[in-house]
Amino acid sequence: MPRKQRRVVFTVLFRLGTFLALALVLSPAAWLLASVVAKAVPHWRWSVLWTGLTSTGGGLLGPVTGTLILMAGVLVVAGSVGVLAGVHLSEMARPRKNGAEGGTWLRMASDVLSGFPSIVLGYVGYVALVVGLHWGFSLLPAVLILSLMVVPYIAKSTETALRQVPTAYREGAEALGMRTGDTLRKVVLRSAAPGIVTGLLIALAIAGGETAPLLFTAEFSRTLWTGALVHAHGFGYLTYVVYTFWDTPSKQANYLSYDAALILIAMVLLLLVAARLIVARTQRHSESRAR
Amino acid sequence: MTTLEGAAGDTPAAPRRFDRARRPPLRRVADVLRSGETHAWRWGARIAVLLPVAGLLFAVTVLALKAYPAIKVNGSPFFTGSGFKIGSTYAVTVHTAGVAHPKGSFYGAWPLIAGTLQTSAIAVVVALPVSVGCAFALTERLPAIVSRPLGFAIELLAGVPSVVLGLWGVLTFGPWLAKTLYPLLANNLPDVPVLDFFKGTVGHGEGLLTGGLVLSLMIVPIITATTADLFRQVPTLPKEGGEALGMTDFEVAQRVTLRWVRSGIIGATALGLGRALGETMAVVLTVGAIFKVAPNVYSPMSTIAAAIATQLDSALTDGTGFAVASYAELALVLAVISVLVNLAARWVVRRTSHLGGPVGRAA
């Protein structure tokens, strides 16, 4: 083939290829959404949201509240630890003597932790907390292990958000004689709040959709949460329903599995859209919009 | 006598109202609290940053301690042998190297290790070109008004819980593949090495290839987002220069853009690989969970993560605790593999996130 023709062919193939790639990703994504909706909606009844599970069917009140409680627990534990860790990495870690950035080892540990497979963390939770400390399958080990999983993410997004606060803000605060605490609360954290909240929302979406670390720390329970942090006999949550109920003989239970998948997707979408809206809003109001 | 007070030249007394000792008690308490606030922030942040590190050390220590007896007994056959046999839990327990375990227990994780590598390899091989194509479409080919919502849609795909993806894989996607794509591949591919792995009976859609494809769908958003970010950082000038020299957009993409961000893409791919190696739920549901090395890409098999998720219950029936120890060893192997891949990826991404040109590094 002559050179000119070859160039034309390659270019056309390239253009087609990029769109084909996009279609290859978006069509399964749309198909996934459509198939979950198609499986759940025909049998959907709103009462799944306020009736409890029975041995063959019932509703998803327990798992739905369970997932919300888990997310609240993660928000408290991982949220506070992660945001403070981010503050440390961005505001307090001293630079090294050779001028390099401080906190290198801490960041490295954070990277290792976020590379840790979630099922392995779940196994550690089972061995050390559920069996080792005799806590049994219950809320506390589940929240701790989930938190350990998402803390690196929250710390990282907090650090990034804090670093985008202009240094002039801090210098101005210092020039006015503000104390470190006031500067952090009133100036730095307030300007970084949208970024931090976005990170928290995404972390919550991750935590709510997670199954593997919960299998051996919370296991499952058909009953409602009794309020016990430890020494419970399992703790119900949505992802477990999706994981196990679809191949049980009971038709009702199968439907519950699809319903749970639909509720999960709706929850995650809500969180991610909220995060996106916050980002869009702050971008509109920030000075550095033009790039 | 008293009229002279306050005469000119006299320095007025310092305003005593602000003297610390004269403040009202409540105000003083608030003051102590406020001056303690700085310390509270400092120490709080210091402790908070150490907590995850402590958690990580705790996890590694627990794994290592728990796995140690198993490592001692299982030895190297753990990596080459095949089959997890708890042994006879009713017979007398025997002792090897001082470790109690049931008679006839044998642990060889080769099929699981191979399975983990195979599914991840398929995922990466499929996801990499697709992701790079997507990133090109999003950053270079489409107007912002189209590419922004599409980019968000891909972001949402990353947020879909893996168990939901697995459910779709086993109920819808897998069976569809077994009916359409798999027979096409199995019947038409030539019988040469590598490709003959695609020959054989196609089954019902639970197996290696289905798992790998579902995994690839999970890691495409990761690689696409990172690659698109990299593409946006490539300066416009060299690209325009390429076009001014008469390059087509394919040639600009190939010779300027891709070359500019090559190592960044490698890092992004390794990040996706790390995610694929450790993924559990989507794999458990779609690979069929059978403990053997897959003879072809359609056959059911299992990975380390899937095996831990499904088999720990039965490991509890071993009264000597040796089965649980062996699963700890398995978990340790998985952790080491994926942590190494992740660290390498992050190192590459961090090193290349400040872009230099393809020709030397900009100062």
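Tutor: Start with the word pocket. A pocket is an open set of grid points with protein on both sides within 12 Å along at least five of seven lines. The model here is predicted. Its second largest pocket has a volume of about 530 Å³.

Student: What makes a residue part of the lining of the second largest pocket, and which are closest to its centre?

Tutor: A lining residue has an atom within 4 Å of a point. The second largest pocket has 18 of them, and A:Glu91, A:Met92, A:Ala93, A:Thr180 and B:Arg42 are the closest to its centre. H7(A) gives the most, with four residues.

Student: How is the lining of the second largest pocket divided by class?

Tutor: There are six nonpolar, five polar and seven charged residues.

Student: Why are H1(A) and H5(B) called roughly perpendicular?

Tutor: Their packing angle is about 100°. Angles of 65 to 115 degrees count as roughly perpendicular. Therefore H1(A) and H5(B) are roughly perpendicular to each other.

Student: What makes the contact between H1(A) and H5(B)?

Tutor: Contact means heavy atoms within 4.5 Å. On H1(A) the residues include A:Trp31 and A:Lys39; on H5(B) they include B:Trp168 and B:Trp176. By class, this contact has 10 nonpolar, two polar and one charged residues.

Student: How do H4(A) and H5(A) cross, and with which hand?

Tutor: Their axes come within 10 Å and cross at roughly 145°. The crossing is right-handed. Its residues divide into eight nonpolar, three polar and no charged.

Notes
Residues are numbered from 1 along each chain as its sequence is written. Chains are lettered from A and ligands numbered from 1 in the order in which they are written. This is a predicted model: local features need pLDDT of at least 70, side-chain atom pairs count only at pLDDT 80 or more; totals for chains, interfaces and linings use all residues. Side-chain values use heavy atoms; hydrogens and water are left out. Axes are lines fitted to C-alpha atoms, for helices over the stretch in contact, and angles run from 0 to 180 degrees between N-to-C directions. Helices (H or I, at least four residues) and strands (E, at least two) are DSSP runs, numbered from the N terminus. A crossing is left-handed if the near helix is turned anticlockwise from the far one by less than a right angle, and right-handed if clockwise. Ala, Val, Leu, Ile, Met, Phe, Trp, Tyr, Cys and Pro count as nonpolar, Asp, Glu, Lys and Arg as charged, and the others, Gly among them, as polar. Angles under 35 degrees count as roughly parallel, over 145 as roughly antiparallel, 65 to 115 as roughly perpendicular and the rest as oblique. On a 1 Å grid over the protein atoms alone, a cavity is a set of points where a 1.4 Å probe fits but cannot get out, and a pocket is an open set with protein on both sides within 12 Å along at least five of seven lines; lining residues have an atom within 4 Å of a point. Grid points are joined across faces, edges and corners, and a volume is the space filled by probe spheres set on the points.
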